[in-house]
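I opened my notebook to look up a few things in one chain. Here is the view I worked from.

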Amino acid sequence: MNKFSRALRHLSTTRYSGKKAFPCATLTAIQKAIASGETVHRAEIRLIVEPSLEFSAIVAGISSRERAHELFSQYRIWDTEENSGILIYIDLADHQVEIVADRGISRVIPQHHWHAVCKTMTSGFARGEYHDSVIAGIQQLNAALQEHFPENGAQANQLSNKPILL
């Protein structure tokens, strides 16, 4: 993919595109899926949808993965008691999903789980099924977290479950 076509795709993907793909009902369902999962595992999940990157980021060649790491730091997802923060980042213009997990999680969850969750979501995006594919991906992620990082008693919710639409 060349920079020119990527830039055009990002310039044509607006905040309205983000709201259309992720309306209030979908954001509420995502929040509930995250909250439900956090009752059976110790991880803290944040989901951020970015309709498009700024033009300067495209010109600089910033990848979805690099942007996900920036947001992981900016939103302090790493700042949890057990180093158990996870970011699900959706780059809508590129139809990319990136998962960034803090070290407490990445030590116990094999990489192939992240790839499977991303594939579930991006496959659905290709069919225009944003709501169902994100919920399915979160459920898949919750199942892996329950298996490898199960709940072990009452813990406070350290990160908001509310998804962010930039």
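Which elements do the buried residues of H1 pack against? I looked and wrote down helix H4 (55-59), helix H5 (64-74) and S2. The model is a predicted one, and I kept that in mind throughout.

**Entry: helix H1**

I went through H1, which spans residues 3-12. I found Arg6, Ala7 and His10 buried there. These residues cover an arc of only 100° around the axis, which puts them on the same side of H1. I recalled the rule behind this: an α-helix has 3.6 residues a turn, so residues three or four places apart point the same way. Then I checked the other side of H1, where Phe4 and Ser12 are exposed.

**Entry: the sheet**

In what order do the four strands of the open sheet stand? I noted S3-S2-S1-S4, with mixed pairing. Strand S3 (96-101) and strand S4 (164-165) are at the edges. Each has a single partner strand, so one side of each is left without a neighbour in the sheet.

I then looked at how S4 is attached. Strand S1 covers residues 44-50, and two bridges join S1 to S4. S1 and S4 run parallel. Opposite Leu165 in S4 I found Val49.

Next I looked for what covers the sheet. Helix H7 (residues 111-126) lies across strand S2 (85-91) and S3. H7 runs at about 155° to S3.

Is Arg42 buried or exposed? I found Arg42 in the loop between helix H3 (24-37) and S1. Arg42 has a relative accessible area of 13%, so it counts as buried, the cut-off being under 20%. I listed what Arg42 touches, leaving out residues up to four places away in sequence. The partners are Glu82, Ser84, Phe149, Pro150, Glu151, Asn152 and Gln155.

Asp102 is buried, at 5% relative accessibility. Neighbours within four places in sequence aside, its contacts include Phe72, Trp78 and Thr80. Asn83, Ser84 and Gly85 are also in contact with Asp102. Ser84 turns up in the contact list of Arg42 and in that of Asp102.

**Entry: positive phi**

Asn83 has a phi of about 50°. Asn83 lies in the loop between H5 and S2. With a relative accessible area of 19%, Asn83 is buried.

His95 also has a positive phi of about 50°. I placed His95 in the loop between S2 and S3. His95 is partly exposed, with a relative accessible area of 35%.

**Entry: cysteines**

How many disulfides does the count give? I got zero. A disulfide is a covalent bond between the sulfur atoms of two cysteines. I still checked the accessibility of two cysteines. Cys24 is exposed, at 63% relative accessibility, whereas Cys118 is buried, with a relative accessible area of 14%.

**Entry: the record**

Last, I looked at UniProt. An unreviewed entry there lists residues 24-143 as "domain: TPM". I computed the make-up of residues 24-143 as 53% helix and 17% strand. The end C-alpha atoms of this stretch are 25 Å apart.

Technical notes:
Residues are numbered from 1 along each chain as its sequence is written. This is a predicted model: local features need pLDDT of at least 70, side-chain atom pairs count only at pLDDT 80 or more; totals for chains, interfaces and linings use all residues. Side-chain values use heavy atoms; hydrogens and water are left out. Two strands pair if DSSP finds at least two bridges between them. Contact means heavy atoms within 4.5 Å. Axes are lines fitted to C-alpha atoms, for helices over the stretch in contact, and angles run from 0 to 180 degrees between N-to-C directions. Buried means under 20% relative accessible area, exposed over 50%, partly exposed in between (1.4 Å probe, protein chains only). The arc is that of the directions from the helix axis to the C-beta atoms. UniProt positions are given in the numbering used here, feature names are shortened, and annotations may be inferred rather than shown by experiment. A disulfide is a pair of cysteine sulfur atoms within 2.5 Å.
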